[in-house]
Amino acid sequence: SGMTGFIAKPFKAEAAIQQIQALTGKQEKSAPPATPFPIPLADPAAAPFPGLAVENGLAVWKSAPIYRQYLSKFAHTYVDVVRDIREAERAKAASLAHKLKGAAGSLALEEVAALASEVDKRLRGEDDPTDGLVQLQAALDIALESIHRYVQGDATTGTVSSDAKTGL
């Protein structure tokens, strides 16, 4: 009748499996579950795809074509989200920022997720989100460019893959 554990979003699949196994008795309870908290952000400018942690995304999605498909969907869905947040009333804007945080986190767009979380907190409180929205737009622009380059080309060679040619 009480809470015995939780899994924070965004989560790693391995951490979720370990937590579920521990709670269902399918694993020894002495084995520590993986931390559900996100790893500190790396320098996005040092990555081949700034703003997109491809290795982390592939660790979750397990399939490059599927990962590319959902990155493309994210780019199409969220291209104007900062404008939409600015134009919405405060509660709706907070909801949009929260939704962006979850979508970005699940796709390894770590900086976008972190900034969307900050904007969400500001909107739910009394703080002015304007500077956070400026930072969020800048991070989103970088991430969208990286998504475009990653979806169009192979992550290791820079060449266009067959699934990129078909739009996946």
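**Exercises on salt bridges and confidence**

Arg124 counts as exposed at 53% relative accessibility (buried means under 20% relative accessible area, exposed over 50%, partly exposed in between, with a 1.4 Å probe and protein chains only). This is a predicted model, in which local features need pLDDT of at least 70 and side-chain atom pairs count only at pLDDT 80 or more, while totals for chains, interfaces and linings use all residues. Residues are numbered from 1 along each chain as its sequence is written, and side-chain values use heavy atoms, with hydrogens and water left out.

**Exercise 1.** Describe the salt bridge between Asp120 and Arg124.

*Solution.* Begin with the distance: the closest N and O atoms of Asp120 and Arg124 are 2.5 Å apart, where a salt bridge requires a side-chain nitrogen of Lys or Arg within 4 Å of a carboxyl oxygen of Asp or Glu. Then consider accessibility, for Asp120 is buried at 6%. Finally, the two residues lie four apart in helix H6, which means that about one helical turn separates Asp120 from Arg124 (helices, H or I with at least four residues, and strands, E with at least two, are DSSP runs numbered from the N terminus).

**Exercise 2.** Find the elements with the lowest and highest mean pLDDT.

*Solution.* Taking pLDDT as the predictor's confidence in each residue, from 0 to 100, helix H8 (residues 162-165) is lowest at 42, and helix H4 (residues 81-87) highest at 97.
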